[in-house]
Amino acid sequence: MAYVAQLLLLVLCTLTYHSLGAADATGSLKAEAVCAEPQVTSSSSGRITVPLNHRYGPCSPMPSTNEPTMAEQLRADQLRAEYVRRKVLGLGDEPKQSELTVPTTLGSALDSRLYVITVDIGTPAVTQHMIIDTGSDVSWVQCNPCPEPSCHAPNGTLFDPLQSSTYVPFNCTSATCLQLDGNNVGCSSSQECQFYVGYGDGANTTGTYGADTLVLTDSETVSGFQFGCSHEADGFTDQTDGLMGLGGDVQSLVSQTAATYGKAFSYCLPATSSTSGFLTLGAPNDTSDFVTTPMLRVKDYLTFYNVLLQDIQVDGNLLGISPSVFAAGSLMDSGTRITTLPLEAYSALSSAFKASMTQYAEAPPWGYFETCFDFAGVEQDDLTIPPVALVFDGGAIVDLDRSAIIDVASSCLAFFPTNETDGSVIGCVQQRTFEVLHDVGQSVFGFRKGAC
């Protein structure tokens with residue numbers, strides 16, 4: 001079980017994100033009125049890049065003002081982390097509500113995943129806005145028939161497999177269906193493979209597992225892309241079309257396209273909702289701009305991508321945390337926000353950070369945030385914040401973006417302590433503005449600063 005702990009490090013990424021210059025009282029990003037969307041292209045041959053946008057703000061392909069509050073987002077983080085922990089340790093899928101310490105109601109675990117890509121599926125092509133998730137393998141979209149309120153149609157109509165000339169459902173005895181393992185729930189009356197996906201808050205979706213043409217860009221398509229056609233859902237208030245699984249097991253988009261792009265992908269999560277990031281399939285030819293560290297995998301839980309922290313820097317000084325504190329590993333995940341640290345590591349970080357922030361009065365804790373300050377009367381652009389860096393195995397030093405150090409909505413250090421000894425999480429907030437390379441084939445993580 002030594003590596004099992006590594007899974008519990010949910011790299012909480014997909015995400016909340018309070019830029020130092022743009023947050024409202026609820027902890028939401030306050031977007032600019034105009035999207036500063038760059039022209040996104042492949043950075044090297046053998047790769048394909050698509051735009052990735054925050055769901056809330058002017059860059060969103062399906063704008064919505066129904067962004068979860070900060071308290072809801074923090075509760076979603078706890079749900080997701082506890083769900084993975086219980087799954088890995090064989091404790092069942094769903095945590096008891098009494099175990100959750102943020103008192104708020106959250107409509108859906110998917111509501112907490114905040115980054116989407118836009119693709120086309122089928123012939124003729126139907127546009128789909130899909131959440132990305134590195135903690136999931138099975139991709140799915142809502143399909144006809146699926147009555148409301150189980151499903152909804154963000155684009156006005158659901159994907160209809162009967163109207164696509166290239167859609168093929170898998171037989172329930174096929175090897176592909178059997179590979180679904182725990183997501184396989186048997187056969188329909190017509191012997192079509194049935195899938196089921198559940199999430200940490202109890203939300204779930206089920207339907208037929210099949211294949212169709214996936215269009216990533218005008219020039220890049222994936223024939224026979226395997227995905228779930230959801231005909232029934234429970235617990236979703238989400239306004240996207242579905243989810244794109246980027247996990248490490250065989251059903252994910254990464255695994256399905258490995259023969260074309262290699263088993264590698266990267267993403268850059270933008271610092272605010274008024275700018276765009278990207279998702280890229282394939283590894284760069286030149287990684288000289290990246291700092292790299294080994295990727296850790298667990299044989300029985302290939303979905304998750306794990307990494308090993310060694311220390312933390314504050315204002316250029318190593319904290320001298322014992323490597324044994326991080327021995328369980330940390331999970332890189334696009335579906336959680338804030339990085340969690342073992343209590344000993346968090347205490348060292350908090351002490352060093354406060355020692356560099358003596359010009360500001362301390363404030364009471366806010367929710368899970370324990371190291372908070374009183375910035376009353378100080379303009380956000382005038383805040384003096386010491387640099388913080390994560391030091392990974394092999395000496396890779398990742399200098400965090402300024403917006404990933406202080407959560408402006410709460411005026412607190414943007415890290416959580418955890419008493420759990422079986423793993424921690426690297427959150428999406430701490431990954432912002434980096435191109436985070438997951439080279440699964442080479443078992444390497446890479447970080448390129450200032451990529452978006």
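Where is Asp315 found?

Hi everyone. A quick word on what we have: this is a predicted model, so local features need pLDDT of at least 70 and side-chain atom pairs count only at pLDDT 80 or more, while totals for chains, interfaces and linings use all residues. Residues are numbered from 1 along each chain as its sequence is written, and side-chain values use heavy atoms, with hydrogens and water left out.

Okay, back to Asp315. Asp315 is found in the loop between β16 and β17. When I name strands or helices, I mean DSSP runs numbered from the N terminus: helices are H or I with at least four residues, strands are E with at least two. Asp315 isn't a glycine, yet phi there is positive, about 55 degrees. Most residues other than glycine have a negative phi, and most peptide bonds are trans. Asp315 is partly exposed, at a relative accessible area of 43%. On that scale, buried is under 20% relative accessible area, exposed is over 50%, and partly exposed is in between, using a 1.4 Å probe and protein chains only.

Ser411 also has a positive phi, near 60 degrees. You'll find Ser411 in the loop between β24 (406-407) and β25, and at 16% relative accessibility Ser411 counts as buried.

While we're on the backbone, let's look at the cis peptide bonds. One runs from Thr123 to Pro124, with omega near 0 degrees; Pro124 sits in the loop between β2 (115-121) and β3 (126-133). Another joins Asn144 and Pro145, with omega about -5 degrees, and Pro145 is in the loop between β4 (140-142) and β5.

Which order do the strands take in the open sheet of four? The order is β17-β16-β22-β23, and the pairing is antiparallel. Strands count as paired if DSSP finds at least two bridges between them. At the edges are β17 (317-318) and β23 (397-399), each with a single partner strand, so one side of each has no neighbour in the sheet. Further in, β16 (residues 309-314) and β22 (residues 388-392) pair over five bridges, and Asp311 stands opposite Val391 in β22. Lying across β16 and β22 is helix α5, running at about 15 degrees to β16. For that angle, axes are lines fitted to C-alpha atoms, for helices over the stretch in contact, and angles run from 0 to 180 degrees between N-to-C directions.

The largest nonpolar core has 77 residues, where a core is a set of buried Ala, Val, Leu, Ile, Met, Phe, Trp, Tyr and Cys residues joined through side-chain atoms within 4.5 Å. The largest share, five residues, comes from α5 (residues 343-355). Among the residues with the most contacts inside this core are Leu341 and Phe392. Leu341 touches residues including Leu309, Ile312, Tyr346 and Phe416, leaving aside those up to four places away in sequence; contact means heavy atoms within 4.5 Å. There's also a second, separate core of 13 residues, which includes Phe170 and Tyr209.

Next, rings. The structure holds 15 aromatic pairs. Rings of Phe, Tyr and Trp (its six-membered ring) pair if their centres lie within 6.5 Å; planes under 30 degrees apart are stacked, over 60 edge-to-face, and the rest tilted. Phe225 and Phe227 are stacked, at 5.9 Å centre to centre with 10 degrees between the planes. Both Phe225 and Phe227 are buried, and together with Phe159 and Tyr167 they form one aromatic cluster.

Last stop, the cysteines. How many disulfides does a search of the whole structure find? The search finds five, a disulfide being a pair of cysteine sulfur atoms within 2.5 Å. Cys268 and Cys452 form one of them, left-handed at -85 degrees about the S-S bond. That pair links distant parts of the chain, 184 residues apart, with Cys268 in strand β11 and Cys452 in the segment after β29. Cys268 is buried at 0%, whereas Cys452 is partly exposed at 30%.

Cys372 and Cys412 form another, with a torsion of about 100 degrees, so that link is right-handed. Cys372 lies in β21 and Cys412 in β25, so the pair ties together parts 40 residues apart in sequence. Both Cys372 and Cys412 are buried.

That's my tour, thanks!
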